Amino acid sequence: QSLKIGMLPADGIGREVLPAARAAILALGSSIPKTEFIDLAAGFEHFTRTGTALPDETVNILQEECDCAMFGAVSSPSRKVTGYSSPIVALRKKMDLYANIRPVTSVAAEPTGKPSVDLVVIRENTECLYVKQETQTVTENGKEARATRLITERASRRIGEMAFKTALSRPRKHVTIIHKSNVLSITDGLFRETVRAVPTLPGVDGRYDEVTIAEQLVDSAVYRLFREPHIYDVMVAPNLYGDILSDAAAALVGSLGLVPSINAGDSFVMGEPVHGSAPDIAGQDIANPLAAIRSAALMLRHLGYGNGADRIEKAVDQVIREGMVLTPDLGGKSKTSEVTQEVIKRI
Ligand code: NAI
Ligand code: MG
C-alpha cells in the first residue's frame, strides 16, 4: 500500500511552504504508508507562461492517480485578466471538495496575551458568491455590476452535516451558524434553516442530541470573535463569510502563517494553508511554514492516519511554545528552512 500525494505549490510563498509540508510528511517514516509525491502544475505564473492556470493534466492526475493533495497558494490578480480564473476555486468545484475545514487554535501561553482560541471554521466551498457569475452593464446613470449568489439546500445540508459531525468529535460539541438572514432572508435564510434542520434529518436518529446550536449574524460574529473567542467551537458559514471569518480568527492566534485547512469531499482531500501567496514576503525564505505543515497533518488525519497527524502537530506546537526558532510574522528572526528543520527534529 502506498500514498500518492499530488503537490501543487502554485505561486509565491506556496512554493516555499509546500516543500516544508513534504519534509514533515517524509519525517514520519514508516508510521504511514510509503508516500509518493507527484508535482503538478497550477497557478497564475503557469497561466502567464502557458495560458492556463489549471492544466487538464493536473486535474486528470489528481482524479485518477492521487489519494490526496497539497495546495500552496495562488497569486490571483485583483483586476480582471482575460482567460484567467483561480485554479483553487476551480479545483474545489471540479473535485467536489465541498467543505473547507479551518481549525484555529492558539498554543497555550499566548505570548501576545490575547485570549485563547480553539475553534474550527467550516466554510462551504462550492457556491455563494464564488459561483463567479458577474455581469456589468452600462445604464443611463453609469456602469452597473451584478453578482449572483447561489445557496442550495443540498450544499447547505452537506456542510451542515460536516459541522455537526465535526462538533461531535470535539469536547464542547457546539455549533454556531453564521449568516445574515436579517438582510438576505432568502439565500442566508435557506442556509440557516437547512443547517438547523440537520439534527432532525431522517436517519440521524438522535446522533447529534449532545450538540448545542447557536447562531450569529456575521458582522457581530466577527465582533464577538475578537472580544470573546472562547464562545465559539464549530462555526459553520457560507463560502464568503467563512473565508473572512477564518482570516479574522487567524489574527487572534498571531499569524495567518499558523492556520491550516483541508478542502474535503466524500472521496478526496486537499490540504492547503489558509494564507495566500504573500507577494510582500515571497522569495525571501521568511514565510512561516507552520500553516502548510499543519495542513499536511490535517490531511493525514482525514485519511485515517491520526497518529502521524498527532506527531506533526505536537512537533509544531512545541516549536511555537519554545519560541526560539520562529519566522518574523511571529516576532522571530528565523528562516522558513530553519523553522522546518526544528519541526522535523521534533517529529
Ligand atoms: P496573503 O494571505 O497572501 O497575505 C496577507 C498578509 O499575511 C501579508 O502581509 C503576508 O505577508 C502575511 N502572510 C501570509 N501568509 C504568511 C506566512 N505563511 N508567513 C508569514 N506571513 C504570511 O493575502 P493577500 O496579500 O491579500 O493576497 C496575496 C495574493 O494571494 C492575492 O493574489 C490573492 O488572490 C492570493 N490568495 C490566494 C489564496 C489561495 O491560494 N487559497 C488565499 C488568499 C489569497
Ligand atoms: Mg482567505
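Two residues count as being in contact here if their C-beta atoms, placed from the backbone, lie within 7 Å. The structure described below is a predicted model, and the secondary structure of the protein comes to 11 helices and 12 strands. For a chain of 347 residues, a compact globule would have a radius of gyration near 20 Å, and the protein agrees with that expectation because its own value is 20 Å. Taken along the principal axes, the box filled by the C-alpha atoms is roughly 55 × 50 × 45 Å.

**Helices H7 and H8**

- Helix H7 spans residues 218-227 and helix H8 spans residues 239-252, and their axes come within 10 Å and cross at roughly 15°.
- Since angles under 35 degrees count as roughly parallel, this crossing makes H7 roughly parallel to H8, and H7 passes H8 in a right-handed crossing.
- On the H7 side the contact is formed by Val-218, Ala-221, Val-222, Leu-225 and Phe-226, which meet Tyr-241, Leu-245, Ala-248, Ala-249 and Leu-252 in H8.
- Divided by class, the residues of this contact of H7 with H8 are 10 nonpolar, no polar and no charged.

**Helices H9 and H10**

- Helix H9 (residues 290-302) packs with helix H10 (residues 306-322) at an angle of about 160°, and the two axes are 7 Å apart.
- That angle makes H9 roughly antiparallel to H10, and the crossing of these two helices is left-handed.
- From H9, the residues Leu-290, Ile-293, Arg-294, Ala-296, Ala-297, Leu-298, Leu-300 and Arg-301 meet Gly-306, Gly-308, Ala-309, Ile-312, Glu-313 and Val-316 in H10.
- This contact of H9 with H10 has nine nonpolar, two polar and three charged residues.

**Helices H10 and H11**

- H10 also has a crossing with helix H11 (residues 336-346), where the axes come within 8 Å and cross at roughly 125°.
- That angle makes H10 oblique to H11, and their crossing is right-handed.
- Ala-315, Val-316, Gln-318 and Val-319 in H10 meet Val-339, Glu-342, Val-343 and Arg-346 in H11, and by class the contact divides into five nonpolar, one polar and two charged residues.

Definitions and conventions:
Residues are numbered from 1 along each chain as its sequence is written. Chains are lettered from A and ligands numbered from 1 in the order in which they are written. This is a predicted model: local features need pLDDT of at least 70, side-chain atom pairs count only at pLDDT 80 or more; totals for chains, interfaces and linings use all residues. Axes are lines fitted to C-alpha atoms, for helices over the stretch in contact, and angles run from 0 to 180 degrees between N-to-C directions. Helices (H or I, at least four residues) and strands (E, at least two) are DSSP runs, numbered from the N terminus. Angles under 35 degrees count as roughly parallel, over 145 as roughly antiparallel, 65 to 115 as roughly perpendicular and the rest as oblique. A crossing is left-handed if the near helix is turned anticlockwise from the far one by less than a right angle, and right-handed if clockwise. Ala, Val, Leu, Ile, Met, Phe, Trp, Tyr, Cys and Pro count as nonpolar, Asp, Glu, Lys and Arg as charged, and the others, Gly among them, as polar. The radius of gyration is taken over C-alpha atoms; the globule rule is 2.2 Å times the number of residues to the power 0.38.
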